[in-house]
Amino acid sequence: MIALTLLSWSCSDDKIDNDTSYAKFLRTSLEVSQSAGEVIIMIEWSATQWEIVMDTDIGMVTYISQTNGERSGNEKDYAQIKIRYSGNSTLESRTQEIFLVNKRNGERSMLEIEQEAAYTPLSVTLYPTVRYQHVVGFGGMYNPKIWIQMITETEMNKMYGPGGLGYTVLRLMVYPNEADWSADIEGAKLAQLNGTIIFATPWESPEDLSETIKDGDREYKRLKTENYQAYTDHLVKYINYMKGQGVNLYAVSMQNEPDLGFFWRPEEIVSYLKGYGSQIRATGVKLMAPEACGFHPEYSDPILNDPEAFNNTDILAGHLYQGFIDLENGYVRDRYNYVSGLYDRKLAAAGKTWWMTEMYHNDEGKDLDAIWKFQQDNFGKEIHMSMEAYCSAYVYWYLKRSGGQCGMIDDPGSTVSVNDKGIAKDGYILSHYAQYASNMTRVKVETGDPDVLATAYVNEDGREMTVVMLNMKEKGFNARIISPSKVKEGSAVETTKEKDMVSVSATFSSDGLTTSVLLSARSIVSVRLKL
């Protein structure tokens, strides 16, 4: 009877355990922010010993306040468990599983903790079949010998040499005196070694071809009409001289800022292009005009509207000194709309392009924090808007700082901040475009935030695409670049207030169609994708 009683108690105890023994989390999932922190969770159990375990020690969880407990009876019991977790500094969200183990029967209750990514995802969608203008390149003005300190060979290599900033366009001055022509040869040849496109612009004619006249209160120099042929001979001679010295010019302008300096009336420019432009083009060098200071319609439209003058103008060029980016200003908005409409209105159908051949943004006197924000808000944004407006080449003013005017590299006497290589922040901004957009065709791109400005480009065979992104916000993003073709390789560089063209990682989705890149707050990031 004793044995039978013991057997009956044992069977009854097993039945109670099977019916009432359990241990569970009161929720099965939990979302936490990307910052490090802690959270309280509840567990419930009955008639068992329990233990909290993780299948891996690698994860976000750094501390659990209680990892085991016990209840011998079949009443319910509860416990509050404090869990601490580390911050997530990655581009992607991450998860970690925690298990509550019923040690009587081995059953496991799971809690999944999901932590948001450090950066908000931002879609950047590429449309390589929607194509716009071909982009020739980016660069600046070779400091003229007759005005300011020349650029050294070392400085030229910083900008145009192997491993340098990667500039692809160089502007020279056509000096009025032939004796000065040799001054630019060595610098131009250094740039040309790396495939740089070189063009030249005259500021004025030789002295004996011009005259000084008055127009109301204004006094200015101008080319005598009877000397148009002699002026043409002067330009052709310069072209041939440079060629003889090993410098092959891509283009020559007929005049720098005819609306401001050495003066031409719009109708005089048209007359010159019609009567003499073909002689310059016969050298194999392209002819650009009118290079007006403000890219004024009154100077450009007469060329566009005269078939013969337009035919002799290969590149419509101008400067942007009257502003281009403040579209709340009516004058600027009207000019932006005019310039951005040139390509579709006239140039594209004729196989021609427009170039921005002179501009600068002065950050003199600003501290380091203000310089970066100023240059990004002005210089970076202007290049971006010029590309969106179908510009094919963006050429800065002095390459080297002088007299408070910003340049790509530093004048040793300047008080502005540059890095230990003597390169200014605007030098790196231009480098992003020079290295990632030169000799490419701009294509359509869309971003998920209006304060992230992006332009995208594709190479001739369609096997390589690039994106230049300006993040104008004080927060970072996980830029998820979506392409229609599988990406086999990708790379990226970023410039911020603290960094200059530093490599950042690019990761790829399993199907190869999405590339993730960190887009830091207040940064410029350029990405190269090989498809």
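## Nonpolar cores

Of the 102 residues in the largest nonpolar core, those touching the most other members are F138, M159, L170, L172, L249 and W354. A nonpolar core is a set of buried Ala, Val, Leu, Ile, Met, Phe, Trp, Tyr and Cys residues joined through side-chain atoms within 4.5 Å; buried means under 20% relative accessible area, with a 1.4 Å probe and protein chains only. Another core, of 25 residues, lies apart from it and has V445, A454, M465 and L531 among its residues.

This is a predicted model, where local features need pLDDT of at least 70, side-chain atom pairs count only at pLDDT 80 or more, and totals for chains, interfaces and linings use all residues. Residues are numbered from 1 along each chain as its sequence is written, and side-chain values use heavy atoms, leaving out hydrogens and water.

## Residue L235

L235 sits in helix α4, residues 228-244 (helices are DSSP runs of H or I, at least four residues, numbered from the N terminus). L235 counts as buried because its relative accessibility is 0%. Beyond its neighbours within four places in sequence, L235 is in contact (heavy atoms within 4.5 Å) with V174, P202, S253, Y272 and I280.

## Helices α6 and α8

Helix α6 (residues 297-304) packs against helix α8 (residues 330-347) at an angle of about 0 degrees, and their axes are 12 Å apart. Axes are lines fitted to C-alpha atoms over the stretch in contact, and angles run from 0 to 180 degrees between N-to-C directions. The two helices are therefore roughly parallel (angles under 35 degrees).

In α6, P297, S300, D301 and L304 meet Y338, L342, R345, K346 and L347 of α8.

How values were computed: Buried means under 20% relative accessible area, exposed over 50%, partly exposed in between (1.4 Å probe, protein chains only). Angles under 35 degrees count as roughly parallel, over 145 as roughly antiparallel, 65 to 115 as roughly perpendicular and the rest as oblique.
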